[in-house]
Amino acid sequence: YRHAKREDEARALAWDHFDRSTSLAAYQLLRNTCGARDWPAWRDKALRTVRVGLNGKRSPWAGGGRSLLVEIFLHEGDSDAALAEAQAGGCTESLWFRIAEAREATHTQDAIAIYQARIDPIVSRADKRAYDEAAVLIGKIGGLMKRSRREKEFGEWVEGVRAKHRAKRNFMKRLEGLKKKYSFIQE
């Protein structure tokens, strides 16, 4: 339709696709089909449709809280809106990590808080991979807190993690390894 310069039909087809299989890919197709001039109105309509789905009137994409809205806002580079949606209605774990990554440079405290909230669920999986993953993430948190000149707070937080998971010997070994890298972690 677009090649035949039948723009209205192209938009209608893209909308039908979005309406039937609401996803980030369908949203992107709709955006590409609408063009810059018409996009704001179509965007509003698309976001309203997603929100209607979240309110239970339609459910195929409602899994993972507000994951689709978070994905859309991250794709658009709006980490503020993505974070607000995730906080209001939740999202998948992978999207929480993407939000944190998007906020690291300009909103370091948000990133730190998101990462810290992920530590206990990771450690609770209680296997070597999980402990390695948690140690890497703790190291990332340490780097962010050091950059924010919050080394003492980081050391205290790590001690709280250590106390909470003291019975997990293999995890404790990974925390010992972090002590060498971060001299401000207390004994």
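Reader: What covers the buried residues of H3?

Author: In this predicted model, the cover over the buried residues of H3 includes H2, H4 and H5.

Reader: Which residues of H3 are buried?

Author: They are Ser67, Leu68, Leu69, Val70, Ile72, Phe73 and Leu74. Buried means under 20% relative accessible area, and seven of the nine residues of H3 are buried, so the helix is largely enclosed by the rest of the structure. Just after H3, glycine 77 takes a positive phi of about 80°.

Reader: Why are H5 and H6 called roughly antiparallel?

Author: The two helices pack at an angle of about 150°. Angles over 145 degrees count as roughly antiparallel, and H5 and H6 are therefore placed in that class. Their axes are 8 Å apart, and their crossing is left-handed.

Reader: Which residues of H5 and H6 meet?

Author: On the H5 side they are Glu93, Trp96, Phe97, Ile99, Ala100, Glu101 and Arg103. These meet Thr108, Asp110, Ala111, Ile114, Tyr115, Arg118 and Ile122 in H6.

Reader: What makes arginine 43 and glutamate 76 a salt bridge?

Author: The closest N and O atoms of the pair are 2.8 Å apart. The cut-off for a side-chain nitrogen of Arg and a carboxyl oxygen of Glu is 4 Å, so the pair qualifies as a salt bridge. Arginine 43 lies in helix H2 and glutamate 76 in the loop between helix H3 and helix H4, so the pair ties together parts that are 33 residues apart in sequence.

Reader: Why is glutamate 104 called buried, and what is its salt-bridge partner?

Author: Glutamate 104 has 16% relative accessibility, and because the limit for buried is under 20%, glutamate 104 counts as buried. Its side chain meets that of lysine 140 in a salt bridge of 3.1 Å, N to O. Glutamate 104 lies in the loop between H5 and helix H6 and lysine 140 in helix H7, so the pair ties together parts that are 36 residues apart in sequence. Lysine 140 is partly exposed, at 33%.

Reader: How many salt bridges does a search of the whole structure find, and which residues are joined into one network?

Author: The search finds 16 salt bridges.

Reader: Which residues touch the most other members of the largest nonpolar core?

Author: Among the 52 residues of this core, they are Leu30, Ile99, Ile138, Ile141 and Phe171. Helix H2 gives the most to the core, with ten residues. Leaving aside neighbours within four places in sequence, leucine 30 is in contact with Arg11, Ala14, Trp15, Phe18, Trp39, Trp42 and Ala46.

How values were computed: Residues numbered from 1 in each chain as written. Predicted model: local features only at pLDDT ≥ 70, side-chain atom pairs only at ≥ 80, totals over all residues. Heavy atoms only, no water. Core = buried A, V, L, I, M, F, W, Y, C linked by side-chain atoms within 4.5 Å. Buried < 20%, exposed > 50% of the residue type's maximum accessible area, 1.4 Å probe, protein only. Helix = DSSP H or I, 4+ residues; strand = E, 2+ residues; numbered from the N terminus. Contact = heavy atoms within 4.5 Å. Axes fitted to C-alpha atoms, helices over the stretch in contact; angles between N-to-C directions. Parallel < 35°, antiparallel > 145°, perpendicular 65-115°, else oblique. Left-handed = near helix turned anticlockwise from the far one by under 90°.
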